[in-house]
Amino acid sequence: MKVGDLVRLLDDPEVRRNNQDIPPDALGIVAEEPSAALWQSDGPLASMWVQWVGRADWDSMFVEDLEIVSASR
């Protein structure tokens, strides 16, 4: 996953529950890579800043919670 990719949330109950503020059919564009990895007890988690269509702010999203709709070239 890289800056410019068009993404959406995975169709998974846990992902939807953890991201209730994002509509299920929302599309977003990867806007920026974070400057520091998010850490969990077993190491860093990959994340990206996503700009969702219709929202002014960016959300830091775990890569594992996203699927690429269209990759940037």
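**Reading an open sheet**

Visitor: Which residue in β7 is the bridge partner of arginine 8?

Guide: Glutamate 67 is the bridge partner of arginine 8 in β7. This is a predicted model: local features need pLDDT of at least 70, side-chain atom pairs count only at pLDDT 80 or more, and totals for chains, interfaces and linings use all residues. Residues are numbered from 1 along each chain as its sequence is written, and side-chain values use heavy atoms, with hydrogens and water left out.

Visitor: How many bridges link β1 and β7, and in which sense do the two strands pair?

Guide: Two strands pair if DSSP finds at least two bridges between them. Strand β1, residues 6-9, pairs with β7 over four bridges, in the antiparallel sense.

Visitor: How many helices and strands does the protein chain have?

Guide: Helices (H or I, at least four residues) and strands (E, at least two) are DSSP runs, numbered from the N terminus. The protein chain has one helix and seven strands. From the N terminus on, they run β-α-β-β-β-β-β-β.

Visitor: What is the strand order in the open sheet?

Guide: The five strands stand in the order β6-β5-β2-β1-β7, with antiparallel pairing. The edge strands, β6 (58-62) and β7 (66-70), each pair on one side only. Neighbouring strands of this sheet are turned by 50° against each other on average, direction ignored. For such angles, axes are lines fitted to C-alpha atoms, for helices over the stretch in contact, and angles run from 0 to 180 degrees between N-to-C directions.

Visitor: Which strands pair with β2?

Guide: One is β1, which pairs with β2 (residues 28-32) over two bridges, in the antiparallel sense. Here leucine 6 has isoleucine 29 as its bridge partner in β2. Another is β5 (residues 47-52), antiparallel to β2 over four bridges. There, isoleucine 29 stands opposite glutamine 51.

Visitor: Is glycine 54 buried or exposed?

Guide: Buried means under 20% relative accessible area, exposed over 50%, and partly exposed in between (1.4 Å probe, protein chains only). Glycine 54 counts as exposed because its relative accessibility is 83%. Glycine 54 is in the loop between β5 and β6. Its C-alpha atom is 9.3 Å from that of leucine 27, 27 residues apart along the chain.

Visitor: What percentage of the protein chain's residues is buried?

Guide: Of its 73 residues, 29% are buried.

Visitor: What percentage of contacts joins residues at least 24 apart?

Guide: Contact means heavy atoms within 4.5 Å. Among contacts between residues at least 6 apart in sequence, 50% join residues at least 24 apart.
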